[in-house]
Amino acid sequence: MNKTINHRETGTRRFSSNNPVSLWLKGRFFLWLFPLTFLIIFFFYPLSRFLALTLNTSALTSENVRIAYSALSFTFYQATVSTLLTLLLGLPAAYLFARYEFRGKSLLRALTAVPFMLPTVVVAAGFNALLGPRGLIPSILPFFSFNFLVTFTAILIAHVFYNTTIIIRVVGNTLSSLDPKLEQAARSLGADSRHVWQNITLPLLRPSLLAASLLVFLFDFTSFGVILLLGGPKFSTLEVEIYLRVLKLPDLPLAALLSVIQLICTLIFSILYSRIVTRTTVQITPRSAGSNIRKPKTLRERIFVTVFIFLLSSFFFLPLSALPFRSLFRIEADRGQRGEIQYGFTTDYYKELFVNRRGSVFYVPPIQATFNSMAYAGTTVLLSLLLGFPAALALAKPTRVERILDPLIMLPLGSSAVMLGLGFIVSYGAWLTSPLLVPFAHTLIALPFVIRTLQPAIASIPERLRHAASSLGAPPFQVWKTIDWPILRRATLAAATFALTISLGEFGATLLISRPEYPTIPVAIERFLSQPGGLNYGQAMAMATILMVLTTASILWIEKFRIPGAGEF
């Protein structure tokens, strides 16, 4: 009897020691301690405080339900159409970069990634400078009259402009790693291009295609600045409706209800994305990306490459180039200006950035705004790396618990910027007198990108090299220095640059929680755009150009240190 009891106790002990939760608590808890603590303090607590104070049954009226249904329906509609159009441009572009070699390829690839890191206020300013009523094309071709701003078309084009790089990177990474012998074998058996695509290429691309599409849909679903600045309040998505019900038409219970709906949708999309990403590995013998790349040979291939190089260059270059061009040329009078107006080339818009003509107490010179942005960005980089490394280390070899935690990390990406800002105000109102809250908000948004950049690099470190170095007597620090760091160095630089550019471009939450005397560059741009007159508009273009230069330099830096084969972001 005693032996039986001891055997059962031993079996119970063995069962509990192999329990996934017990194993996680023993080996993984400290990896997640600081990232989860940060999310609880600066995301879940402010979110719960905001909802606890505003969400109540009074919001469940028939009129509010109708408003919520209308906003949710339009949000799904515009996100679906935007995603389909992004795929329409992104898939051929991904094929172009994955299969063909041509001059300027690295520069064009970097150019497609610049919009993704720019703040919405800069992208809106770019399209405004190109196609708006005071834009470049209407000024050059005054007889060619059309209304681009405040239209559904403007929203769709801006979303495609933003998110095409996701398709290029995620799908293109998989496409460039496929074994070309599979297609060659199918063609040798008489299959034409359509059947090769349907039966060979598409099934292998399906996981990465679904992951990229879902990520694009998530960004389009939670889009705020693009819709508000280019579409206007008449196009009410969930995010825009939350903004209106908080700041323009105060109805906090309705805003809380809409926030909960958006948060639930975001959580569902995040779970789907995390599960799809785990299946993106192609179960065949992969090839290096270079083995699939060649110069176009046939006439059909040359036409395809030439057409898409021209299309991508025009689509991405024109709105971006309109910013510096518009900031250096005067094509309209300043507000209240009388007498002769000197049109043409000028540097006055840049000079005027340093002049406080209106004597405003909230005036901040651009150098100070740039310094504020860089200080916030530097703090964001430090926090993101300190929190991202342990989380990425845990997710490199995920357990069941990590698969549950993974979608929670993505959740801040899809949360309402207005809701997040109000949650910070409600929870940490005493801190609003200092600029400390801004980098915490930026870190919430940058952390998923940092983790997704570090994770594949950590997972690629060969364990056999670590074991070999340890068996030869190398101490742990020496193993890390000689084995891990050479592999992680490039990913760390890329992750840090991601965090830097995201912080530089964040606009929604910063607008609510930043102090007037500590504006960032996007906030300063918004101040200029909100005032009438050619001088204010030109200054906005000048500030946007400065931010675009900083972002473009960061993107080129990411491209230089990008880990080959890391295509998630």
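Trainee: Which residues in α12 meet which ones in α18?

Mentor: E239, I242, Y243 and V246 in α12 meet A417, V418 and L422 in α18. A contact here means heavy atoms within 4.5 Å. Before you go on, keep in mind that this is a predicted model, where local features need pLDDT of at least 70 and side-chain atom pairs count only at pLDDT 80 or more, while totals for chains, interfaces and linings use all residues. Residues are numbered from 1 along each chain as its sequence is written, and side-chain values use heavy atoms, with hydrogens and water left out.

Trainee: Okay. At what angle do α12 and α18 pack?

Mentor: About 40°, and the axes of α12 (residues 238–248) and α18 (residues 417–427) are 8 Å apart. That's why α12 counts as oblique to α18. Angles under 35 degrees are roughly parallel, over 145 roughly antiparallel, 65 to 115 roughly perpendicular, and the rest oblique. The axes are lines fitted to C-alpha atoms, over the stretch in contact for helices, and the angles run from 0 to 180 degrees between N-to-C directions.

Trainee: How many residues of that α12 and α18 contact are nonpolar, polar or charged?

Mentor: Six are nonpolar, none is polar and one is charged. Nonpolar covers Ala, Val, Leu, Ile, Met, Phe, Trp, Tyr, Cys and Pro; charged covers Asp, Glu, Lys and Arg; the others, Gly among them, are polar.

Trainee: Zooming out, how many helices and strands does the protein chain have?

Mentor: There are 24 helices and two strands in the protein chain. Both are DSSP runs numbered from the N terminus: helices are H or I with at least four residues, strands are E with at least two.

Trainee: And what percentage of the protein chain's residues count as buried?

Mentor: 51% of the 569 residues. Buried means under 20% relative accessible area, exposed is over 50%, and partly exposed is in between (1.4 Å probe, protein chains only). As for contacts in the protein chain with a separation of 6 or more, 80% of them come from residues 24 or more positions apart.

Trainee: New topic: what span does α16 reach?

Mentor: Helix α16 (residues 366–396) has 31 residues and reaches 42 Å from its first C-alpha to its last, close to the expected 45 Å. The expected span is 1.5 Å times one less than the number of residues.

Trainee: Where is the kink in α16?

Mentor: At G388, shortly before the proline P390, and the kink is about 30°. The bend at a residue is the angle between axes fitted to the seven residues ending there and the seven starting there.

Trainee: What about P522, which helix is it in?

Mentor: P522 sits in α23 (residues 521–529). At 0% relative accessibility, P522 is buried. Beyond four places away in sequence, P522 touches residues including P119, S373, L504 and L547.

Trainee: One more: what does A542 touch?

Mentor: S327, Y349, Y350 and L353, not counting residues up to four places away in sequence. A542 belongs to α24 (residues 534–560), and at 0% relative accessibility A542 counts as buried.
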